[in-house]
Structures are given as C-alpha cells and as structure tokens.
Amino acid sequence: MALKVAIVGLPNVGKSTLFNALTKTAAAQAANYPFCTIEPNTGDVAVPEPRLEALAAIAGSKEIIPSRITFVDIAGLVRGASKGEGLGNQFLANIRDCDAVAFVARCFVDDDITHVENRIDPISDLEIIETELMLADLESLEKRVVNVEKKAKGGDKDAQQTLRLINMALTPLRAGKPARVVQVDKEDQKAWHMLQLLTSLPALYVSNVDENSADKGNELSGAVAARAAQDNAKAVVISAKIDSELAVLDEAEQAEFLESLGLAEPGLNRLIREAYALLGLQSYFTVGPRRRAPGPFRSAPRPLRPRA
C-alpha cells in the first residue's frame, strides 16, 4: 500500500529544505521568498527499518526492498488560501490527493529568513493553515448538503449515510475543530473517505528547529507537541538544516557528524517512521526461494520485502 504525505506550511518555514533532505535531491527550489514552490514536487523515500539487514543476513537475500513513502512538497499556504489567495485553490487540491499531512512549523529564529507574518509563532502558523483547511472543508460540505438532503428524503440509503456523516463533520468544523476529531465507525469508513475532507487526513506536526535544539527540541517545539496532542495528531522534532547537510554526506561522514552533534540518527528517520505510522500500517516481511520456469526447480534467495 502506497502512502502519499503532503508537506504543508506557511512560506519560508523550511518545507522545501526538508523535502530536499528527504529525497536527497535539489528537486525543490529552496529560496527566501514566498511561493518559490508553485508546482508540487514529489519524491519517494525508503522507510528506515533496521530489522531488514538482520533478516536479510539470516535468509541470505541478495536484494532488500524496503517499504516506501511518497512525499509531496506543497507550496506555502497563506491567509485566504481557501478563497484562492496565493494560488490557494490549486494547492488545496494537491493536498486532497494525499493520504496524510505533515504540517511544518517554524521553531527557529533567523533574522536572515523572512516570515510572511513578520513574527515567529509556530502555533499561530499552524492555526492559519488549519483554519484555511477547515474553511475549505466547510465550503465543500455546505455546497453538497442541500442536494444530499433531497436524495436522503427520497429514501436513498447511500445519501442518508452521507448526510449523517456530513452533519458529523460539520459539528466540529463549525466549532473550529478539524474533522479528524470525529470518531467514525468501521462500517462508515468508506463513505467518510469519500467526503475527501482535508482536515480528516491523519496529521503529523513537524517542528523545524535550529541546530542547537535538534536533539531535545526547544520551547517553541514543546508548544507544538502540546498542540498536536490537543488536535489528535502526532509530533516530531527535526532540524531541516542539519538533515539537508547530512543528506550529501556518505555513511561514514554522516556517523561522524551525528556523533559531533550528540544525535543517534538523522531527524528524517524519525519523521519518515512517524509518517509511515500515521495510517496504522503494519509491515510483514517476506523472504524465500524463487521458482524459475521453464526448467528444473532452482533455489535462489528472493528479495526481502516488507509488506504493509
């Protein structure tokens, strides 16, 4: 099962730097001005899994195939995105195509990097983004509800289910809460996903901190973690600057650099694992002999492939 995660945030919070580090490419242009990313960049990354090497050694596998995640670098959203500000409608559609959202919050101070709101307040940044997504969801549902109500009154069972779910979503949205706070029964899951609500997507809050805070975070990232718990979301601390520097080093250089910083692993490893866990996926490892036809049976190691 493929997982596509949207990297979302205000301009200049480190989204494209993070994306470049994740994909170890310069595919996303990182520049100090809003909307330097217009078209979404996508990149596949492997999910870090230390058990693969050990299992491959035991099974004698000649090839290891890890699970993968696709990350999508969405251009910076701003106030009014739900009404089309800053090409907002286009960007919101890009998020709708994803399975989960990683909200990047700026938790570092750097006078050389401008902030679109002229202040450093990650909670306010997250509220701006979440508000725009909630407004987009409200508009989408309120446009649909009249037509669905007519069908439901006519006895359409699917419409009755959809109307019930729409009303369940509208209640928190009108109260300023994301749709992900709604508890949906198993039998309603398919219809719920059909609503395509931006705020129902599983969420990960990514605190982008300075180099000195990469190991334990700081006061700003602590506030983001508390907000994530409140919003039924996960949280992780990374330093996009450090990880972008690590991305261009070989394995030995990375180990030395991490040791000098007192870090056990790159922050990206934690980010990727948390993103993979957002949908509650469970990996199964498959390995064994492969049949080659035609001809007699020959035993050969298969690639070790985790399956979600």
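**Notes on the predicted model**

1. Overall composition. Of the 308 residues in the chain, 46% count as buried. The model is a predicted one, and its secondary structure comprises 10 helices and eight strands. Among contacts with a separation of 6 or more, 68% are between residues 24 or more positions apart.

2. Burial of H1. Helix H1 spans residues 15-23. Eight of its nine residues are buried, so H1 is largely enclosed by the rest of the structure. The buried set consists of Lys15, Ser16, Leu18, Phe19, Asn20, Ala21, Leu22 and Thr23. Directly after the helix comes Lys24, which has a positive phi, near 55°.

3. Packing of H1 with H10. Helix H10 covers residues 267-277, and H1 packs with H10 at an angle of about 90°, the two axes being 11 Å apart. Because angles of 65 to 115 degrees are classed this way, H1 is roughly perpendicular to H10. On the H1 side the contact involves Leu18, Ala21 and Leu22, and on the H10 side Leu268, Leu271 and Ile272. By class, this contact has six nonpolar residues, no polar and no charged.

4. Packing of H4 with H7. How do helix H4 (residues 122-153) and helix H7 (residues 219-230) cross? Their axes come within 9 Å and the crossing angle is roughly 40°, which means that H4 is oblique to H7. H4 contributes Pro122, Ile123, Leu126 and Glu127 to the contact, while H7 contributes Leu220, Ala223, Val224 and Arg227. The contact residues divide into six nonpolar, no polar and two charged; Glu127 of H4 and Arg227 of H7 are among the residues that make the contact.

5. The largest cavity. Its volume is about 50 Å³. The lining consists of Ala214, Ile238, Ser239, Ile242, Asp243, Leu246, Leu258, Leu263, Glu265, Pro266, Gly267 and Arg270. Two elements, helix H8 (240-246) and H10, each give two or more residues to this lining, and H8 supplies the largest share, three residues. Classed by type, the lining holds seven nonpolar, two polar and three charged residues.

6. The second largest cavity. Here the volume is about 40 Å³. Phe103, Ile123, Leu126, Glu127, Glu130, Tyr205, Arg227 and Asp231 form the lining. Which element gives the most to this lining? H4 does, with four residues. The lining divides into four nonpolar, no polar and four charged residues. Ile123, Leu126, Glu127 and Arg227 belong to this lining and also take part in the contact of H4 with H7.

Notes
Residues are numbered from 1 along each chain as its sequence is written. This is a predicted model: local features need pLDDT of at least 70, side-chain atom pairs count only at pLDDT 80 or more; totals for chains, interfaces and linings use all residues. Side-chain values use heavy atoms; hydrogens and water are left out. Axes are lines fitted to C-alpha atoms, for helices over the stretch in contact, and angles run from 0 to 180 degrees between N-to-C directions. Angles under 35 degrees count as roughly parallel, over 145 as roughly antiparallel, 65 to 115 as roughly perpendicular and the rest as oblique. Contact means heavy atoms within 4.5 Å. Ala, Val, Leu, Ile, Met, Phe, Trp, Tyr, Cys and Pro count as nonpolar, Asp, Glu, Lys and Arg as charged, and the others, Gly among them, as polar. Buried means under 20% relative accessible area, exposed over 50%, partly exposed in between (1.4 Å probe, protein chains only). On a 1 Å grid over the protein atoms alone, a cavity is a set of points where a 1.4 Å probe fits but cannot get out, and a pocket is an open set with protein on both sides within 12 Å along at least five of seven lines; lining residues have an atom within 4 Å of a point. Grid points are joined across faces, edges and corners, and a volume is the space filled by probe spheres set on the points.
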